[in-house]
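Okay, thanks for making time, everyone. Let me put the thing on the screen, and then I'll walk you through it.

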Amino acid sequence: MNISRYSRLVLSICTLYVTSAVTAQPNKQKMDSFISELMSKMTIEEKIGQLNLVTGGEATTGSTVSTGVETKIKSGAIGGVFSMTSPQRIRAAQDLAVKHSRLGIPLIFGMDVIHGYKTMFPIPIGLASSWDMNLIRQTAQIAATEATADGINWTFSPMVDISRDPRWGRFSEGSGEDPYLGSRIAIEMVKGYQGDDLAAHNTLMACVKHFALYGASEAGRDYNSTDMSLHRMYNEYFPPYKAAIDAGAGTVMTSFNDINGMPATANKWLMTDVLRQQWGFQGMVVTDYTAINELIDHGLGDLQQVSALSLKAGVDMDMVGEGYLTTLKKSLSEGKVSQADIDRSCRLILETKYKLGLFEDPYKYCDVNRAKNNILTPAHLAKAREVAGKSFVLLKNEQQILPLAKTGKIALIGPLANSGSNMPGTWSVSADLNNTQSLMAGMKEVLGTKVAINYALGSNLLDDPIYQERATMFGRTIPRDNRSEDELIAEALKATEGTDAIIAALGESSEMSGESSSRTEIGIPGNQQRLLKALLKTGKPIVLVLFTGRPLTLTWEQENVPAILNTWFGGTETGKAVADVLFGDVNPSGKLPATFPKNVGQIPLYYGAKNTGRPLANGKWFEKFRSNYLDVDNEPLYPFGYGLSYSTFKYENLKLNTAVLQASETLQVKVEVQNTGKYDGEEVVQLYIRDIVGSLTRPVKELKGFQKVAFKAGEKKTITFEIKEADLKFYNENLEFVSEPGEFEIFVGTNSRDVLSSKFELKK
Ligand code: BGC
């Protein structure tokens, strides 16, 4: 470390720090005294400067862009920079802070490392579909290794917003509809990023987002309001945030949305009472992009007023908007915020830097050799291929069309067949879009000369060129073909001649989901569906390889297309991984982490709903004066937890070790599962409960356990789950987390619908 100016001001304190090596949990007393000493030297401007997070300019999600960054760093008016990459650039920016600012306080460098850094893994909803907790953790570890090698030390991930509205574009960025699965994944992501030692050069500080309830935006429209009962918040939407905090997530990001009349970014109840007082969070809170400024449009006052509101709510760092930078000093002099408010936030930000080891070595993440050797390594790519294969969900496989034989000729048709840039999926800002294989290129690499491929575009992504332009932003191109729809279809039909099977690569482009990409019609676009109909008329075996960032309404496809493989967006190795599955090298094992509705009008549709006072009897469509629709039944197209394999799994002999569970005991649930098919494969065995009588109404099913188990063809295993009284707890009317004695139902099965069941009683 070049210490020059930096040393003059903080060396004495630093020495104390350096000699005591940074550990997983920094010595609190030393950290406190180091920071107190440093803060005693800081002017009010420098303290407010720490609260300012700017963008390095490479990726922005709003119209405001940071300016004058270099000058501001030197004057101590910036605490962190995000979306700047490369060890050289980051070293240069860090130099400005460390060598040219008065106190030499290092900057923190953030980035949206969401599902991989350069080696892209499946989009989060795809990762969740793997239900493979070890693999999910490994993806976060690899992302941390790569991002830190490129200078980053803080990621704006995991995104843990529960959503039950697939119209919302950001469905793709989360783990779906379920609080239990979402919590399990949140824990793995945090642990994967942060590792055992935050100060290590290859671990990233996590940032749980978007706190809170962003996934419940009304009508699925992005940035929209949320209005929700406390009971639902605590039981259904809060658990993944809390799980991430309990797992040690270092930072939290506010959400954009209004919550029961108070936007999250100014919501003291949320940021202080819930987050810090109830959950004991000790880290710093950063806003989302210009979220403080947006409070003006929410109608809470001018910039000075809303900045003060945010700070007082417990929000520490201001992303891009510079409301804090430009107004807090004035607010302090007018008594609208206190010195203690500013000091609190400044301290939490300095603590974050301390925990990352930045005071010890501000250039810790600037090793050019690591950037050369640790990114896109063969091992990382192999892992990406493995995870992608496990994230795909086989939705239908009539007459065992899949796997396809590795001989002969196939037709590969569709607007998603030959686009490399779409494969990484949304929120992959650091991906190298020009060097990502398309589905066709990946298939060719895997199949070599064994299978000939006839390709045709078949249709544009969307009929409407303006819609297509919106859906192919940020370099995710799908070139438009100006020929008529009929001409494109005719060309596709020609390409199918002499082929043994057709693979139709259809669905959404990567930017049809993600931020600001909500849709009201969530089917496969009409022109693509017309192509599919024409292909079906050939009478050849057809596989729909579906790309999507959200559950789609596939009612027509489910009725008419013999095989459907939902691949979401599988990341860098999508092409090869799809070939692995289609041609039988990998047996699909993904399960849906969200319900697929039959039509948009059923939304929100989720398995963990309440029973109502007039439930519809099982298997019925309509009964007058029951809770149902005239025009569509209540059932989903594909239930939560659903996903097929090339094998079949038989469940039998569900047994509980006792019919009465005493609160101090453990209930053992055993079930026999047999692979009754011809292929080795993995099955996600799922356990749900129902609390039959409660002091509040309880969901008809709640996931409480799952195991992803490998079976040889024909193999039978007894799977055991353990349920404890703690697993039966929920937040009651007074928001106490309690279990209630009485009868419970247990369900075990291959998805949330097809289950065996039994009962027990909890005694306390
Ligand atoms: C998104 C966040 C993201 C931030 C920084 C915002 O628009 O909502 O998820 O972390 O931009 O890029």
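Predicted model: local features only at pLDDT ≥ 70, side-chain atom pairs only at ≥ 80, totals over all residues.

Residues are numbered from 1 along each chain as its sequence is written, and side-chain values use heavy atoms, with hydrogens and water left out.

So, the layout. The protein chain splits into domain 1 (3–372), domain 2 (381–580) and domain 3 (649–763). Between the C-alpha centres of domain 2 and domain 3 you've got 37 Å.

For polar contacts I mean a pair of N or O atoms within 3.5 Å. The side chain of D112 has an N or O atom 2.5 Å from a ligand oxygen, and the side chain of D288 also has one at 2.5 Å from a ligand oxygen. With H210, a polar side-chain atom sits 2.7 Å from an oxygen of the ligand. On its own the ligand exposes 310 Å², and the protein buries 99% of that; those areas are Shrake-Rupley with a 1.4 Å probe.

On to the cores. A nonpolar core here is a set of buried Ala, Val, Leu, Ile, Met, Phe, Trp, Tyr and Cys residues joined through side-chain atoms within 4.5 Å. Buried is under 20% relative accessible area, exposed is over 50%, and partly exposed is in between, with a 1.4 Å probe and protein chains only. The largest core has 122 residues, and W154, F211, F238, L275, M319 and L350 touch the most other members. Domain 1 (3–372) and domain 3 (649–763) both contribute residues, so this core lies between them. Apart from it there's another core of 74 residues, including L395 and I564.

Last stop, L416: it's in the loop between β12 (409–413) and α18 (439–447), and at 0% relative accessibility L416 counts as buried. Helices (H or I, at least four residues) and strands (E, at least two) are DSSP runs, numbered from the N terminus.

Definitions and conventions:
Polar contact = N/O pair within 3.5 Å; in protein donor to acceptor, adjacent residues only side chain to side chain. Domains from an automatic or database assignment.
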